Amino acid sequence: MTLALQLAEQGLYTTTPNPRVGCVIVKNHQIIGQGAHLKAGEPHAEVLALRKAGTNAKGADVYVTLEPCNHHGRTPPCVDALIQAGVGRVVVAMQDPNPLVAGNGIQRLQANGIQVEVGLMASVANALNIGFVSRMTRGLPYVRCKVAASLDGKTALNNGKSQWITSDPARQDVQHWRAQSCAIMTGIGTVLADNPSMTVRLPNTTRQPLRVIVDGHLQTPADAKLLQNGQTLIAYASDPNHQVGSLNAAGADCLHLPDKNARVDLKALLANLAQRGINEVLLEAGQGLNGAFLQAGLIDEFIFYYAPKLMGADAKGMFAMPAFTKMQQAIDLQIFDVRQVGADIRVRAKPTKTA
């Protein structure tokens, strides 16, 4: 199963909106087939492994990181392929959270006399597809908030300048988080201040995430770098300057999502992204949008990059929020990973309660 999970990781940057799945087939203590799902529309891991195993798959043990599908999508059901191959046992890391599968694949295998075991390394398999699981169970993508800051928690100078706080290795590390995300999100403040591209800049990149701008009053310039090469969604609450037409002409997809306070409805935006097949969102924004997401309880994970710098009390912070008056209001985090990246320190954490 460890090997199957390693194979599944080959699709870390490419399988969206599908889950990352790996499969290993074993007979007489020998690996006779293995495969990984790499891209939507291409063969699933089980089918690739069965092709390599050939007729030897009869009576073999199959280790797969996610419950085999039993429905017709872009490809035929993997359950049918396993049954036709006559495998003897299927070991599944975790049940598929997709309502179209959700235990039905396991039941089908069992109904055809195939022994099924579920739960081996389930937590690792779940972490590998945390965004897919979130979309299927909550109807929302998994949101990571990435923040680059000084050791005193500042993200930009008071005049808005922030390039560059962290080192090259840290910025390169961010590229991998971008690559595995289905969407990269920022706010209009960052667009106006930095005019970022927010693309994946890794060698051999085959897929660029959807770029999402939260722009309450539709102030995005039609020549913004984020609008180049298409694949840009702008969520807005109002259009006082009648910019929708020019932004659509520039290649943007403008989505009108006002909330009761005439701001962009962030939860509705995430739900819309989930409907578009977005599993993981990387939030790379300033303190305004970061604070709005935190207040709404919509951040699932934080990735903090701390640079060995001090920027002073007047520099901008990480999250713009109303002032707390008692310590019980502080948002507690659970740190689950700390490591040095170049000269900087990367801290990954999750909120332990709703903001």
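Me: At what angle do helix H3 and helix H4 pack?
Reply: Two packed helices are described by the angle between their axes and the distance between the axes. Axes are lines fitted to C-alpha atoms, for helices over the stretch in contact, and angles run from 0 to 180 degrees between N-to-C directions. In this predicted model, helix H3 (residues 78-85) and helix H4 (residues 104-111) pack at about 20°, and their axes are 10 Å apart. H3 and H4 are therefore roughly parallel to each other. The cut-offs: under 35 degrees is roughly parallel, over 145 roughly antiparallel, 65 to 115 roughly perpendicular, and the rest oblique. Helices here are DSSP runs (H or I, at least four residues), strands likewise (E, at least two), numbered from the N terminus.

Me: What ground rules apply to the numbers?
Reply: Residues are numbered from 1 along each chain as its sequence is written, and side-chain values use heavy atoms, with hydrogens and water left out. As this is a predicted model, local features need pLDDT of at least 70 and side-chain atom pairs count only at pLDDT 80 or more, while totals for chains, interfaces and linings use all residues.

Me: In which hand does H3 pass H4?
Reply: The crossing is right-handed. A crossing is left-handed if the near helix is turned anticlockwise from the far one by less than a right angle, and right-handed if clockwise.

Me: Which residues make the contact between H3 and H4?
Reply: H3 supplies Val-79, Asp-80, Leu-82 and Ile-83; H4 supplies Gly-105, Arg-108 and Leu-109. Contact means heavy atoms within 4.5 Å. By class, the contact of H3 with H4 has 4 nonpolar, 1 polar and 2 charged residues. Ala, Val, Leu, Ile, Met, Phe, Trp, Tyr, Cys and Pro count as nonpolar, Asp, Glu, Lys and Arg as charged, and the others, Gly among them, as polar.

Me: With which residue does Asp-80 form a salt bridge?
Reply: Side chains of opposite charge can pair when their charged atoms come close. Asp-80 pairs with Arg-108, and the closest N and O atoms are 2.7 Å apart. Asp-80 lies in helix H3 and Arg-108 in helix H4, so the pair ties together parts that are 28 residues apart in sequence. The structure holds 15 salt bridges. The criterion is a side-chain nitrogen of Lys or Arg within 4 Å of a carboxyl oxygen of Asp or Glu.

Me: How do H2 and H3 pack?
Reply: Their angle is about 25°, with axes 9 Å apart. H2 and H3 are therefore roughly parallel to each other. Their crossing is left-handed. Glu-46, Val-47 and Leu-50 of H2 meet Cys-78, Ala-81, Leu-82 and Ala-85 of H3. That contact of H2 with H3 divides into 6 nonpolar, no polar and 1 charged.

Me: In what order do the 5 strands of the open sheet lie?
Reply: Strands pair if DSSP finds at least two bridges between them. The order is E2-E1-E3-E4-E5, with mixed pairing. Strand E2 (30-36) and strand E5 (115-118) are at the edges with a single partner strand each, so one side of each is left without a neighbour in the sheet. Neighbouring strands of this sheet are turned by 15° against each other on average, direction ignored. Helix H2 (residues 45-53) packs on the sheet, touching strand E1 (22-27), E2 and E3, and its direction makes about 145° with that of E2.

Me: How many bridges join strand E3 to strand E4?
Reply: There are 4, between residues 61-64 of E3 and residues 89-92 of E4, and the two strands run parallel. Val-64 has Val-92 in E4 as its bridge partner.

Me: What is the order in the open sheet of 9 strands?
Reply: It reads E10-E9-E8-E7-E11-E6-E12-E14-E13, and the pairing is mixed. Strand E10 (252-256) and strand E13 (333-341) are the edge strands, each pairing on one side only. The twist averages 20° from one strand to the next.

Me: Where should I look for backbone exceptions?
Reply: Most residues other than glycine have a negative phi, and most peptide bonds are trans. A cis peptide bond joins Thr-16 and Pro-17, with omega about 5°. Pro-17 lies in the loop between helix H1 (2-8) and E1. Asn-28 has a positive phi, near 55°, and lies in the loop between E1 and E2.
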